Amino acid sequence: MAMSLVAAAAASFATSATAGGHGIDLSGKTVEWVIPFSETGGSAKWANFYAPLLSEALPGQPTVVVKFMPGAGSTKGANWFQEQSFEDSEGTLIFGSSGSTQFPYLLGDPRVRYEYNDWNVVLASGTGGVAYLPPELAGKMDGLDASGLRDTDFIYGSQGATRLDLVPLLAWEMLGLNVEPVFGIKGRGDGRLMFERGEANIDYQTSSSFLKGVTPLVEAGTAVPMMSWGALDADGNIVRDPTFPDMPTFKEVCEATDGCETSGEQWEAWKAFFVAGFPAQKMVFLPAGASEDAIVTYTAAFEAVKARADFAEISSGRLGVYPQMTGDEATGALASATQVPQAAKDFVVGWLKDRYGVSLN
């Protein structure tokens, strides 16, 4: 039933687009969806979930293939995409970014050669994140109070200090934990594998990767959720993540842990980068120079996917319960994800230099 509704919606759009001169026909073509991470992380799970649904909803039902281009915490793939032109692909190339692509851009990382304002957003997906521990360490917490973990030396597999990982790294530091990152992994899924092999004893995953990759560990008793990063309510307050309503947020754990403050410069910097990194964490773009016809086509296709009768059911178990935004909502989400108060940027730039020796000048 749901498939026929999507097909009907796509067919209706194709007919009206052709009649009005707005839209592109992708019959017989292959759309390449580039993900600048490894195939084991949350971005891979997000793209692999959407790819067959997008194929069905696009006019002409082209094959949608997910291609992975990991390197430099996604900067390699994003720099490559910046050099692509719509004229060369005619609607057969799209790119999936993540918070780890946004943060180096926000912080002025000299390796960044891409410009979000040149790209054309057609979908923005919100998400969340969950930190977790081995059971023997989780047992050191006193309810929500994490101070019992302060005598532990933690190892964490990280994509880099300027990536989305700065959200958990700063959170753990605010709790007074001694977490030593091992930089250089190519996706958060690689961090999970380090945890599974006992090479790391603390980790975090975005919601899609946690649902698929970590939930089995929790069920087997080899991992215990510590906290989620939370979600934003309509007034911009941090509340419990709707995908994990029974799990405390970092804010709750911070409030229960002596020495951790939910006000002041450090908290405001953490919250600003959480907001930039998670409520609109993953986005789909057409390259520079995309025609209005192509933008309309992809926007309509993602709207048709969201309109499926079974979308809420099939997406909740794969992506979690988060907004999937198109059109003006996606444009607004892009703005919020690529704009951070200067005071928060200054704090994080100084913290990265003092804590990790990372200079962005």
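**Figure 1. The largest cavity of the predicted model.** The largest cavity holds about 110 Å³ of space. It is one of two cavities of 30 Å³ or more found in a search of the whole structure. A cavity is a set of points, on a 1 Å grid over the protein atoms alone, where a 1.4 Å probe fits but cannot get out, and lining residues have an atom within 4 Å of a point. Grid points are joined across faces, edges and corners, and a volume is the space filled by probe spheres set on the points. This is a predicted model, in which local features need pLDDT of at least 70 and side-chain atom pairs count only at pLDDT 80 or more, while totals for chains, interfaces and linings use all residues. Residues are numbered from 1 along each chain as its sequence is written, and side-chain values use heavy atoms, with hydrogens and water left out. The lining comprises 15 residues, and Ser43, Ser98, Gln159, Arg188 and Lys282 are the closest to the centre. Helix H2 (42–57) and strand E8 (203–206) are the elements that each give two or more residues to this lining. Helices (H or I, at least four residues) and strands (E, at least two) are DSSP runs, numbered from the N terminus. By class, three lining residues are nonpolar, nine polar and three charged. Here Ala, Val, Leu, Ile, Met, Phe, Trp, Tyr, Cys and Pro count as nonpolar, Asp, Glu, Lys and Arg as charged, and the others, Gly among them, as polar.

**Figure 2. The second largest cavity.** About 50 Å³ of space lies in the second largest cavity. Its lining is made of Gly42, Trp46, Ser125, Gly126, Thr127, Ser208, Lys282 and Leu319. Two of these residues are nonpolar, five polar and one charged.

**Figure 3. The largest pocket.** The largest pocket contains about 210 Å³ of space. A pocket is an open set of grid points with protein on both sides within 12 Å along at least five of seven lines. Of its 16 lining residues, Ala231, Leu232, Pro279, Tyr322 and Pro323 lie nearest the centre. Strand E10 (231–232) and helix H14 (327–337) are the elements that give two or more residues to the lining. The lining has twelve nonpolar residues, four polar and no charged.

Figure 4. Five of the five residues of E3 are buried, so the strand is largely enclosed by the rest of the structure. Buried means under 20% relative accessible area, exposed over 50%, and partly exposed in between (1.4 Å probe, protein chains only). Leu93, Phe95 and Ser97 point one way from E3, whereas Ile94 and Gly96 point the other way. E3 pairs with strand E1 (residues 30–35) in the parallel sense over three bridges, and Glu32 stands opposite Leu93. Strand E12 (residues 282–286) runs antiparallel to E3 and is joined to it by three bridges, with Val284 opposite Gly96. Two strands pair if DSSP finds at least two bridges between them.

**Figure 5. The salt bridge between Glu56 and Arg308.** The side chains of Glu56 and Arg308 meet in a salt bridge at 3.4 Å, N to O. A salt bridge is a side-chain nitrogen of Lys or Arg within 4 Å of a carboxyl oxygen of Asp or Glu; by this rule the count comes to eleven. Glu56 is in helix H2 and Arg308 in the loop between helix H12 (292–306) and helix H13 (311–316), so the pair, 252 residues apart, links distant parts of the chain. Glu56 is buried at 13% relative accessibility, and Arg308 is buried at 9%. Glu56, Arg308 and Asp310 are linked in a network of salt bridges.

**Figure 6. Two further salt bridges.** In the salt bridge of Asp109 with Arg111, the closest N and O atoms are 2.9 Å apart. Asp109 is buried, with a relative accessible area of 4%, while Arg111 is partly exposed at 44%. Arg192 and Glu196 form a salt bridge at 3.0 Å, N to O. These two residues are four apart in helix H8 (residues 188–196), which means that about one helical turn separates them. Arg192 is buried at 12% relative accessible area, and Glu196 is partly exposed at 42%.

Figure 7. Most residues other than glycine have a negative phi. Ser74, not a glycine, has a positive phi of about 100 degrees. Ser74 lies in the loop between strand E2 (63–68) and helix H3 (75–82) and is buried, with a relative accessible area of 0%. Glu90 has a positive phi of about 50 degrees. Glu90 is in the loop between helix H4 (86–89) and strand E3 (93–97) and is partly exposed, with a relative accessible area of 43%.
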